[in-house]
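User: I have a structure open and want to go through it with you. Could you take my questions as they come?

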Amino acid sequence: MQVKLMRITGLLVAIATGAVACGGSGNNSDPQQLPGPSPVAGITRTGAAVAVGPVSAFGSIVVNGISYDTSAAVFTVDGQAATQNDLSIGDMVIVKGTIDDDNTNAAAESVEFDDNVEGPVTSVDTVANSLVVLGQTVFIDGGTSIDDSCPATLNDFLTVAAVEVSGYVRADGSVLATRIECKAVAGELEVSGVVSNLGADTFMINALVVDFTAVPATIDNFPTGTISNGDPVEVKGTNLGGAGELLATRVEFKGARFDDNEGDHIEIEGFITRFASATDFDVSGLTVTTISGTTVFEGGSAADLGLNLKVEVEGEFDADGVLVATKVEIKPATSVRITAQLDSVSGNSFVILGITVNTDARTRFEDKSAMSLKIFGVGDLNPGDYVEIRGQEFPAASGEIFAAIAERDDPDTEAIIQGFVDVNGVNRPALTVLGVTIETNAGTTFQDVDDSVFANPDDFWNLVSEGSLIKAKGTETAIQTIVADEVELEQE
């Protein structure tokens with residue numbers, strides 16, 4: 001039915017443009033329970049299975065904690081035939097295939113990737129940790145994989161020819177990036193989103209004006225043959241007009257990419273983009289309902305649901321195209337970050353700065369070292385490797401970390417820790433975070449959340465307290481001790 005088709009269409013545009021939200025109103029606190037690996041993406045009734053989420057590992061391809069055999073899969077990247085080697089960690093993909101009832105023997109028939117936006121950066125906001133690309137606001141957080149082609153500081157993104165962004169779309173149309181790559185040479189400009197303010201010659205995608213008559217653009221795949229407000233589209237062009245408008249060479253309708261059969265099973269990771277109640281909300285534009293006593297909640301409860309909360313939902317379509325959730329998982333946070341040399345590795349865990357870090361099938365692994373292993377996981381790590389992890393303390397108050405992201409980089413001696421100041425952890429001139437002592441001295445630079453330097457260290461010490469989120473950079477001088485060159489206040 002048409003209502004169902006448009007709901008799925010909106011979902012796909014949300015994925016292609018970044019798919020969901022972060023921040024904003026609603027309950028946005030860190031969950032206190034972190035569930036084990038969640039089964040995903042299977043359809044055991046009609047035989048159709050769909051999974052939507054970022055690539056977390058290769059071997060075959062791992063999405064939302066499930067490894068899909070891709071030996072017979074057809075790959076599409078930005079509408080062109082591709083291979084698995086054309087994908088990167090953090091790319092948001094749509095996997096269609098099959099899986100057994102017990103979430104084994106998962107096989108992909110197709111894997112599809114479209115970026116959200118590709119073009120030059122026109123502005124940055126170092127406080128919000130965001131940038132604007134072709135009128136689309138892109139946020140960067142601990143879940144963003146940033147390619148080594150990109151600069152180390154946000155302001156330097158203004159010097160890059162172009163960036164390619166993949167991620168989740170918020171309720172307001174902004175993107176929370178799961179991956180950003182930088183281009184040395186600007187190529188074709190691309191943006192995906194929903195048509196608004198349609199006129200005779202132009203329409204808008206968020207803050208971007210699209211002129212589709214100046215070139216003119218090829219209008220492709222629209223069921224009615226014409227563009228309408230609310231249509232999910234992908235727009236391509238090679239130039240901007242004098243007022244910054246995109247002179248489109250192609251406008252493509254991005255819908256009807258799923259078979260919409262009652263009983264089809266779908267698993268999607270994204271943000272709640274509309275919230276009426278715990279039994280009536282949207283995830284990336286797809287309507288979801290839960291059933292009291294039947295829907296299983298992990299990482300929280302139905303009472304924790306709200307606008308812009310990041311979730312993973314698994315269930316089946318009913319006759320009206322509503323996803324009836326069998327499970328809703330509130331996704332873990334990535335406020336904690338540690339970068340240092342590994343102390344030891346054992347099984348699916350390792351120790352860094354004296355802190356035990358645990359991983360599982362949901363952990364996104366990427367090798368950014370000179371070795372650049374495409375197939376990379378915890379088994380490839382060794383003591384002394386220089387690794388960055390992002391995740392959260394789990395179980396609560398355990399002093400252990402669950403890693404949502406683990407990246408190996410080229411060897412370095414700088415140690416970095418970001419986390420919440422421990423109880424009784426403010427002991428000037430030292431701070432304690434996750435049991436790590438951060439020593440400061442006359443040479444330490446203190447910074448505010450906007451990266452501005454405190455002229456007087458007293459201003460920093462007057463603001464920091466138990467539970468403050470801080471980041472320290474320096475040298476590891478002993479077990480769980482860092483002498484800090486720089487200490488910053490951070491925003492959650």
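User: Where is Pro429 found?
Analyst: Pro429 sits in the loop between strand 33 (414-427) and strand 34 (430-433); strands here are DSSP E runs of at least two residues and helices are H or I runs of at least four, numbered from the N terminus. This is a predicted model, where local features need pLDDT of at least 70, side-chain atom pairs count only at pLDDT 80 or more, and totals for chains, interfaces and linings use all residues. Residues are numbered from 1 along each chain as its sequence is written, and side-chain values use heavy atoms, with hydrogens and water left out.

User: Is the peptide bond from Arg428 to Pro429 cis or trans?
Analyst: That bond is cis, with omega near 15°. Another cis peptide bond joins Val215 and Pro216, with omega about -5°. Pro216 is in the loop between strand 17 (208-211) and strand 18 (218-220).

User: Where does Asp451 lie, and is Asp451 buried, partly exposed or exposed?
Analyst: Asp451 is in the loop between strand 36 (445-447) and helix 2 (457-463). Asp451 counts as partly exposed because its relative accessibility is 39%; buried means under 20% relative accessible area, exposed over 50%, and partly exposed in between, with a 1.4 Å probe and protein chains only.

User: Changing topic. How many helices and strands in the protein?
Analyst: Two helices and 38 strands. The protein has 492 residues, and 53% of them are buried.

User: Which residues touch the most other members in the largest nonpolar core?
Analyst: Ile338, Ile389, Ile417, Ile438, Phe460, Ile470 and Val487, in a core of 37 residues. A nonpolar core is a set of buried Ala, Val, Leu, Ile, Met, Phe, Trp, Tyr and Cys residues joined through side-chain atoms within 4.5 Å. Apart from that core lies another, of 35 residues, including Ile140, Phe212, Leu246 and Ala248.

User: What is Ile417 in contact with?
Analyst: Leaving aside neighbours within four places in sequence, the contacts of Ile417 include Ile338, Leu353, Ile355, Val433, Ile438 and Ile470. Arg337 and Lys471 are also among them. Contact means heavy atoms within 4.5 Å.
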